[in-house]
Amino acid sequence: MKPLSEHAIAELKDIAAKPVPCLSVNPGCLHKLCTMGLARIVSLPSPFKTHRGRNIEHIEATDSGREYLKGVL
């Protein structure tokens, strides 16, 4: 598999800091990060006003994703 692009690495940095709603991540980047095992999808309360209180899908970094970032940075 190809190495991550600069955009995907930036997305991984963001989700390593805190889980991010899947709606705000590029679908191709989301798929690649999950396929490589660097991130996973979890259900957390929505930060959006229209969905407040309901659970929506978020993407969060796995331990291997954090390790990948240490090697890249």
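Colleague: How much of the protein chain is buried?
Modeller: Buried residues, meaning those under 20% relative accessible area with a 1.4 Å probe and protein chains only, make up 33% of the 73 residues. This is a predicted model, where local features need pLDDT of at least 70 and side-chain atom pairs count only at pLDDT 80 or more, while totals for chains, interfaces and linings use all residues. Residues are numbered from 1 along each chain as its sequence is written, and side-chain values use heavy atoms, with hydrogens and water left out.

Colleague: Okay, and which elements does the chain have, in what order?
Modeller: There are 3 helices and 3 strands, running α-β-α-β-β-α from the N terminus. Those are DSSP runs numbered from the N terminus: helices are H or I with at least four residues, strands are E with at least two.

Colleague: Why call the chain as compact as a globular protein of that length?
Modeller: Its radius of gyration is 12 Å, close to the 11 Å that the globule rule gives for 73 residues, so the chain is as compact as a globular protein of that length. The radius is taken over C-alpha atoms, and the rule is 2.2 Å times the number of residues to the power 0.38. Along the principal axes, the C-alpha atoms fill a box of roughly 35 × 20 × 15 Å.

Colleague: Switching topic: where does Glu60 sit?
Modeller: Glu60 is in strand β3, residues 55-61.

Colleague: Is Glu60 buried or exposed?
Modeller: Glu60 counts as buried because its relative accessibility is 19%.

Colleague: Which side chain does Glu60 pair with?
Modeller: Arg40, through a polar contact of 2.8 Å between the two side chains. A polar contact is a pair of N or O atoms within 3.5 Å; within protein, one must be able to donate a hydrogen and the other to accept it, and residues adjacent in sequence count only if both atoms are side-chain atoms. Leaving aside neighbours within four places in sequence, Glu60 is also in contact (heavy atoms within 4.5 Å) with Ile15, Pro19, Ala39 and Val42, among others.

Colleague: And what about His58, buried or exposed?
Modeller: His58 is buried, with a relative accessible area of 5%, and its place is in strand β3.

Colleague: What does the His58 side chain reach?
Modeller: The backbone oxygen of Ile56, at 3.2 Å.

Notes:
Buried < 20%, exposed > 50% of the residue type's maximum accessible area, 1.4 Å probe, protein only.
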